[in-house]
Amino acid sequence: MKTKVPKVFKKIEVPAEAVAELKEKVEIVEAILGDQRFLAGENVTLADISFGVEVPMIKVLYPSFISPKLQAWYDRTLRDVPALEEYNSQADYNGFLKKL
């Protein structure tokens, strides 16, 4: 999948290696999650919030990278951290893509 992102005022193509590395990192996060409710156990932590701000952009650019398990974790995180949902809702990721 080829994705183009702006680099200052110039659009660049994302190298395939970078896309593969992102996919690998998402898979690592899913492995860390395991059967836990959140990334560090049964309670939401900064780790969940930190990754939670990245999920919407990943979902827009590479929707297949977010498995049902990760989506369920993300939904739980949004329920437990309402400010995260508010923060993410202010970002216009689809509008960003239209500019590419």
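Let's begin with the largest nonpolar core, which has 20 residues. By nonpolar core I mean a set of buried Ala, Val, Leu, Ile, Met, Phe, Trp, Tyr and Cys residues joined through side-chain atoms within 4.5 Å. Buried, here, is under 20% relative accessible area, exposed is over 50%, and partly exposed is in between, with a 1.4 Å probe and protein chains only. The residues with the most contacts inside this core are F51, L70 and W73. As for who contributes, α1 (16-33), α3 (55-61) and α4 each supply at least two of its residues.

A quick word on the ground rules. This is a predicted model, with local features needing pLDDT of at least 70 and side-chain atom pairs counting only at pLDDT 80 or more, while totals for chains, interfaces and linings use all residues. Residues are numbered from 1 along each chain as its sequence is written, and side-chain values use heavy atoms, with hydrogens and water left out.

Back to L70. Which residues does L70 contact once its neighbours within four places in sequence are set aside? They are V26, V29, E30, L33 and F65, where contact means heavy atoms within 4.5 Å.

Now the rings. Rings of Phe, Tyr and Trp (the six-membered ring, for Trp) pair if their centres lie within 6.5 Å; planes under 30 degrees apart are stacked, over 60 edge-to-face, and the rest tilted. That rule gives three aromatic pairs. Take F51 and W73: their ring centres are 5.5 Å apart and their planes sit at 40°, so this pair is tilted. The pair links distant parts of the chain, with F51 in helix α2 (residues 46-52) and W73 in helix α4 (residues 68-80), 22 residues apart. F51 counts as buried because its relative accessibility is 13%, and W73 counts as buried because its value is 0%. W73 also pairs with Y74, again tilted, at 6.3 Å centre to centre and 45° between the planes. Y74 is buried, as is W73. Through these ring pairs, F51, W73 and Y74 are linked into a cluster.

W73 brings us to a residue I enjoy, D48, which touches F38, L39, N43, W73 and T77, leaving out residues up to four places away in sequence. D48 lies in helix α2. Here we have a charged residue that is buried yet has no salt bridge. By salt bridge I mean a side-chain nitrogen of Lys or Arg within 4 Å of a carboxyl oxygen of Asp or Glu. How far away is the nearest side chain of opposite charge? That is R76, at 7.6 Å, with Lys and Arg counted as positive, Asp and Glu as negative, and His and the chain ends not counted. What the D48 side chain does reach is backbone: the nitrogen of L39 at 2.9 Å, and the nitrogen of T45 at 2.9 Å.

One of the contacts of D48 is N43, so let's step over there, because N43 counts as exposed at 59% relative accessibility. N43 sits in the loop between α1 and α2, and touches F38 and D48 when residues up to four places away are not counted.

K23 is partly exposed because its relative accessible area is 36%, and E27 is partly exposed at 43%.

One more stop: E85 in helix α5 (residues 82-90). With a relative accessible area of 45%, E85 is partly exposed. Its C-alpha atom is 9.0 Å from that of G52, 33 residues away along the chain.

Finally, let's zoom out. The protein chain has six helices and two strands, running β-β-α-α-α-α-α-α from the N terminus. Buried residues make up 31% of its 100 residues. Among contacts between residues at least 6 apart in sequence, 61% join residues at least 24 apart. Happy to take questions!

Methods. Helices (H or I, at least four residues) and strands (E, at least two) are DSSP runs, numbered from the N terminus. A polar contact is a pair of N or O atoms within 3.5 Å; within protein, one must be able to donate a hydrogen and the other to accept it, and residues adjacent in sequence count only if both atoms are side-chain atoms.
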